[in-house]
Structure formats: C-alpha cells, structure tokens
Amino acid sequence: MKVLLLLISGPQSGRRFVYTEYATFTVGRSREATFCLSGDRAFSRIHFLIEVNPPHSRLKNLSVTGGTFVNGKRVEEAILRDGDIISGGRETKIQIQIEFSEAKTETVERPFTAG
C-alpha cells in the first residue's frame, strides 16, 4: 500500500512524493517544510500538514489567514481520499492517489473445450 502526493499545478508541477509507511508531510514557505514553496507569499511558513499512514491520510490546516482547500472547500481538518485535490496559495494543487496493493498481472490458461 502507498499514498502518492502528486503536484498537478504550480511551479513544481509533476513532482511526486511517495509514502509506504507513516510520515508527516508539511507544505509552506519555510525551508523546514517537507515541500517548500518559498516564492508563493500566499502560503504561510507552514501552511498545512498531511499525516500519512498508508492507505490513510489526514490533512490539518495550519494557516491562520490563507486557508487550505480540499476539492474546492475550505477545511480545517479532513480525511483524505483517493483523487482528492488539495489547494492553497496562488496556484499549487496536490492530488492524493492511494494504491491499496501492488498491481499483479496474472495470466490463467484454460484448455479450450468445444461443446
């Protein structure tokens, strides 16, 4: 199981963070944030935190003024689900992707029987 945090818009679009075990992920202008957006003054120093414990993840807003949004709705806390989009600041958006198991392709051969 793993949780992927995929940047779908903003200056670092395409960047991915992959978690297979418990971790905290912080976003903000501070260099101490896991994901630093120093150029976006609309972000607080530490704007929000995501607590990841695959396959679960939870968001907590830490910004007093800017706000954090999940699927366009302002939140203080939220349980995140596969496909949710987190936004804050001017243009940065992060999509949550949850993979519950490793994809395995299995081919089963069955004999052809007429009749």
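Visitor: Which residue in β11 is the bridge partner of Lys2?

Guide: That's Glu99. Keep in mind that this is a predicted model.

Visitor: What makes β1 and β11 a pair of strands?

Guide: Strands count as paired once there are at least two bridges between them. Strand β1 (residues 2-9) and strand β11 (residues 92-99) have 7 bridges, so they pass. The two run antiparallel.

Visitor: What makes β2 and β8 edge strands?

Guide: Look at the order of the open sheet, which has 6 strands paired antiparallel: β2-β1-β11-β10-β7-β8. β2 and β8 (73-75) each have a single partner strand, so one side of each is left without a neighbour in the sheet. From one strand to the next, the twist averages 30°. Further in, strand β10 (residues 85-88) is joined to β11 by 4 antiparallel bridges, and Ile85 stands opposite Gln95.

Visitor: Why is the Phe17 and Phe25 pair called edge-to-face?

Guide: In general, you describe a pair of aromatic rings by the distance of the centres and the angle of the planes. Here the centres are 4.8 Å apart and the planes sit at 65°. The cut-offs are within 6.5 Å for a pair and over 60 degrees for edge-to-face, so Phe17 and Phe25 qualify. Both residues are buried.

Visitor: What about Phe17 and Phe35: what kind of aromatic pair do they form?

Guide: Edge-to-face again, with 5.7 Å centre to centre and 70° between the planes. Phe17 lies in strand β2 and Phe35 in strand β4 (residues 35-36), so this pair ties together parts that are 18 residues apart in sequence. A search of the whole structure turns up 3 aromatic pairs, and ring pairs link Phe17, Tyr19, Phe25 and Phe35 into a cluster.

Visitor: How do you know that Phe17 is buried?

Guide: Buried means under 20% relative accessible area. Phe17 comes out at 11%, so it counts as buried. Phe35, at 0%, counts as buried too.

Visitor: Which residues have the most contacts inside the largest nonpolar core?

Guide: Leu5, Phe25, Ile50 and Ile86, in a core of 23 residues. At least two residues of this core come from each of β1, β2, β3 (23-28), β5 (48-53) and β11. Leaving out residues up to four places away in sequence, Ile50 touches several residues, among them Leu5, Phe25, Leu59, Leu80, Ile86 and Ile96. As a general point, nonpolar side chains tend to be buried together in soluble globular proteins.

Visitor: Why is Asn61 called buried?

Guide: Its relative accessibility is 5%, and the limit is under 20%, so Asn61 counts as buried. Asn61 has its place in strand β6 (residues 56-61).

Visitor: What does the side chain of Asn61 reach?

Guide: The backbone oxygen of Ser63, at 3.0 Å.

Technical notes: Residues numbered from 1 in each chain as written. Predicted model: local features only at pLDDT ≥ 70, side-chain atom pairs only at ≥ 80, totals over all residues. Heavy atoms only, no water. Core = buried A, V, L, I, M, F, W, Y, C linked by side-chain atoms within 4.5 Å. Buried < 20%, exposed > 50% of the residue type's maximum accessible area, 1.4 Å probe, protein only. Contact = heavy atoms within 4.5 Å. Axes fitted to C-alpha atoms, helices over the stretch in contact; angles between N-to-C directions. Phe/Tyr/Trp six-rings, centres within 6.5 Å; stacked < 30°, edge-to-face > 60°. Polar contact = N/O pair within 3.5 Å; in protein donor to acceptor, adjacent residues only side chain to side chain.
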